[in-house]
Amino acid sequence: MRSTAVALALVLVAACTPATVQHVPQTAPPAPRAVDTAFLKNDCVACHTADMVAQQRLTDKQWPKSVDKMRGWGAPTEDDEVQPLLASLARVASRDAGPYVPQTISAHEAAQLFTAEPDGKLAGGNATRGRDLYADRCAPCHADDARGGTMGVALAGRHVLDRAPDFARAIRSGRGRMPEYPDTTDAEIADMIAYVRSLPAR
Amino acid sequence: MMRRREFLETGTLAAIGAIVVGSTRILAATEPVHDLIVRSFLPENLETPIAWFDRLVIPNDVFFVRSHFGAPRLDAARTLRIEGMKPLDLSPSDLEAMPQTTVVAVLQCAGNGRSLIEPRVPGVQWGHGAMGQASWTGVRLKDLLERAGLPGDARHVQLEGADVPPKPSTPVFHRSIPIDRAVDPTTLVALKMNGERLSHAHGAPFRLVVPGWAGDHWMKWLRLIRPQAAEAAGFYMQTGYKLPKSPVEPGTAVKPEDMTTLTTFPVKSLIARPADGGTTHGGTQEIAGVAFSGFAPVAKVEVSTDGGTTWQSATLEGDPGTGRWQVFRYRFKAAPGRAQAMVRATDGKGNTQPERPSWNPSGYFWNAWHRVQWEVV
């Protein structure tokens, strides 16, 4: 999304008269170094995005402590998965991994992160029907009270409930260790979100 | 990265960037681009580009955002519970009907500058931009505590926000502040930031404002204020947001009993212009930035353009105040070639910035002399 904006900005810069443009680089800024963070999917990205990990520059003495802390906080990494995870972290976020290039977003895009998205086709769900669906499909991982379990993250009281399309995407495309359920209907998702919205955050 | 930075600092391009994203704001030619640096999308941690720090107030839309677990569900009608002998549940309009106070104050994340600490430490790898200054309007916490009947044995005030940890095993983010700071007349429950209702990003409908103290105390999405006899327990009071009681060698492991809760942020200054790695035209150069201290008003800001051999006083703009920043400016003439500037501030209590940062295990309170280099053409 951002790269589109930057590319478009460059096109517009090229169209400007030279007199109004100062210090404009003649070439596009380099693309951020591609960092393979796919391995984080199973352990980290249910709670935070991969950028949180990719920006760190830690030694092989520091990473085990961070992984321990995160396992204590709920990362679902099993004992025998720790060494492979550490090996991957050493590859992308070690002390000598080189400069980290953060993404930038416009203030407008930033504001969108904090707004509600209209329910659209996911509006008008029935919380009573949603309760049965939730108990059957969601509660095993997210817990009966939707405050999260060993595997699933907390849902009650969280901003994703303001963003039904994001909620639907997570169900249909999966997230972290959550499998994808592409066949879930709009009506089912509407019922589920209606129920989870009715639950207290604490 | 360098290219991208230069790119951001071009006024014309800034205006184009605004057109691209459909902003209706009309930008002055010199205004930096309305962008934020993403430290993480979830939780939302967004940093203000350094070019903005040449002014007294940072606009809300580019003001940095810090969150521990991601925003809670939107709830404009959230009530604020204040415990006491006569507990209160107040709506935003209840608070709005009470006497309002406005303070201008710096909000700065304790971890601002963490990415500059050596040896590196884990945490959000902020550059310089996890800080900003705004006017904050709301009700004095003292008034609210009195109205709710402050118990005689209260020594601390526990604060909780509505944000929810992602797992039941993740510690809740909370703060506990000592009673004397809670009843300080500058401590507010704010409803407004720069005259506008707080946005969800900044803690709507209520956030605490604790001028001079690090941002972890400025609880967002505030829902509970509880006076109590003892400091609250929990990870974020007992382990997080701690500093060594006395300076330690970089890289040292510090025992928990040798750590203390961080509160007041130290004296600091930062150069917004010229940009590090940028280019200027020959002739008069203006060094501009901000300086502040949580302990006292700024007493002086000095700039060196010769690598620290000599220092000259910069002029200050804006009202002085504790926990409040002023803009500094210093002008000098430079011929084409490499140029450099360093800045250091001293506050009214004689605290001055160190040449090198004081290392600590979590990388808090970076406040070394800020240095920039640029090319005069």
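Predicted model: local features only at pLDDT ≥ 70, side-chain atom pairs only at ≥ 80, totals over all residues.
Residues count from 1 along each chain as its sequence is written, and chains are lettered from A in the order in which they are written. Local features here need pLDDT of at least 70.

**Exercise 1.** Find how far helix H8 of chain A reaches, and which of its residues are buried.

*Solution.* Start with the run: H8(A) covers residues 186–197, twelve residues (a helix is a DSSP run, H or I, of at least four residues, numbered from the N terminus). Next, the span from first C-alpha to last is 16 Å, close to the 16 Å expected (1.5 Å times one less than the number of residues). Now for burial (20 or more other C-beta atoms within 10 Å of a residue's own, with C-beta atoms placed from the backbone): the buried ones are Ile189(A), Ala190(A), Asp191(A), Met192(A), Ile193(A), Ala194(A), Tyr195(A) and Val196(A).

**Exercise 2.** Work out which strands of chain B pair with S17(B), and in what sense.

*Solution.* Take S17(B), residues 283–292 (a strand is a DSSP run, E, of at least two residues; two strands pair if DSSP finds at least two bridges between them). With S15(B), residues 268–273, the pairing is antiparallel over five bridges; here Ile271(B) has Gly289(B) as its bridge partner. With S21(B), residues 326–334, it's antiparallel again, over nine bridges, and Val290(B) partners Val327(B).

**Exercise 3.** Look at S7(B) and S12(B): how many bridges join them?

*Solution.* S7(B) spans 156–161 and S12(B) spans 222–228. They pair in the antiparallel sense over six bridges. As a check, find Glu160(B), which stands opposite Leu224(B) in S12(B).

Key. Buried ≥ 20, exposed ≤ 12 C-beta atoms within 10 Å, placed from the backbone.
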